[in-house]
Amino acid sequence: MTRSSHKGNHRSRKKRITFMLAPVVAAGVAVPLMYSAGAATPSEVSRDCAEDAATLENCEFVDVQVKRNNLGPNKRVSTPSNNCGSTTEREKSFGVATSVTRFITLEDGFVADAESKLGNSFFEIGAKFNTTEFNLTRDDKGTGFDFTLPGTVMPDHIGFFMWSEKRTDVSGFLKATYKEEQNGQKVFFSPKEGGTSVHVFYPQLLKNGAPDGRLWIRNVKCGTPEAEEFQDSPQSAEIAELRAESQQPGFNKGGANVTDVEVPLSEIPAP
């Protein structure tokens, strides 16, 4: 959201963006009161809510849309096993571990503390969508798994386990109520009323309390570009560790040099 550049009772910290609406005003478009000088901008609403600002009477997340069974990022959850140069399979026990927690995307990367007004609102929305069919992690404490799982590393391949958590994606907007009026009103929104750019991802849980999602073993052909990060070199371990936290190709999306085999979720023990 933006605001007009006409003069009024500015808060000094907002002067830096008053130029943004100059083309809109020139075009003769009417600007609502909440966009006028002195009113809270969407960025300020987002920041104030995230910081639980003293100027706020309340801040809440208003849900607009919900999508179940949304798969999260694909990440490596075990140490790679190198079977390069071998002509036989290798059976190996892998240590498999990860954690899941409620994840929030606000403007400019702001994150709300669980004890804030907004954090409490996220918990309440999570409770709203927590059902017998979809058990959700509603707070920021999270859960996870850490266990040993046997796996087969193919000849001349590097093997490791991959994971993608299953989430309920609730999107909507922030509604902030300030203690003092700003240009005649107390309620402001981010990004706008009815918007859907604020996302809260609630991890879905299995009946035993373990994270729901997709777990698979991935075999990458040695000597290929896809295997470069795992090849023996002074930096290979560091690179592989960094890549473990980054986005990787999804299940069966790695290309001709990558073989994926899904693991039944029944193999995941209760936390």
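## Salt bridges in the predicted model

In this predicted model, Arg 47 and Asp 48 join their side chains in a salt bridge with an N to O distance of 4.0 Å. A salt bridge is defined here as a side-chain nitrogen of Lys or Arg within 4 Å of a carboxyl oxygen of Asp or Glu. Both Arg 47 and Asp 48 are buried, where buried denotes under 20% relative accessible area, exposed over 50%, and partly exposed in between (1.4 Å probe, protein chains only). By the salt-bridge rule, the count comes to five, including the pairs tabulated here.

| Salt bridge | N to O distance |
|---|---|
| Arg 47 – Asp 48 | 4.0 Å |
| Asp 156 – Lys 221 | 3.0 Å |
| Asp 260 – Arg 218 | 2.8 Å |

The side chains of Asp 156 and Lys 221 form a salt bridge at 3.0 Å. Asp 156 sits in the loop between β7 (143–153) and β8 (157–182), and Lys 221 in strand β11 (residues 213–221), so this pair ties together parts 65 residues apart in sequence. Strands are DSSP runs (E, at least two residues), numbered from the N terminus. Asp 156 is partly exposed, with a relative accessible area of 22%; Lys 221 is also partly exposed, at 30%.

A salt bridge also pairs Asp 260 with Arg 218. Asp 260 is buried at 11% relative accessible area, and Arg 218 is buried at 3%.

Residues are numbered from 1 along each chain as its sequence is written, and side-chain values use heavy atoms, with hydrogens and water left out. Local features need pLDDT of at least 70, side-chain atom pairs count only at pLDDT 80 or more, and totals for chains, interfaces and linings use all residues.

Note on methods: Helix = DSSP H or I, 4+ residues; strand = E, 2+ residues; numbered from the N terminus.
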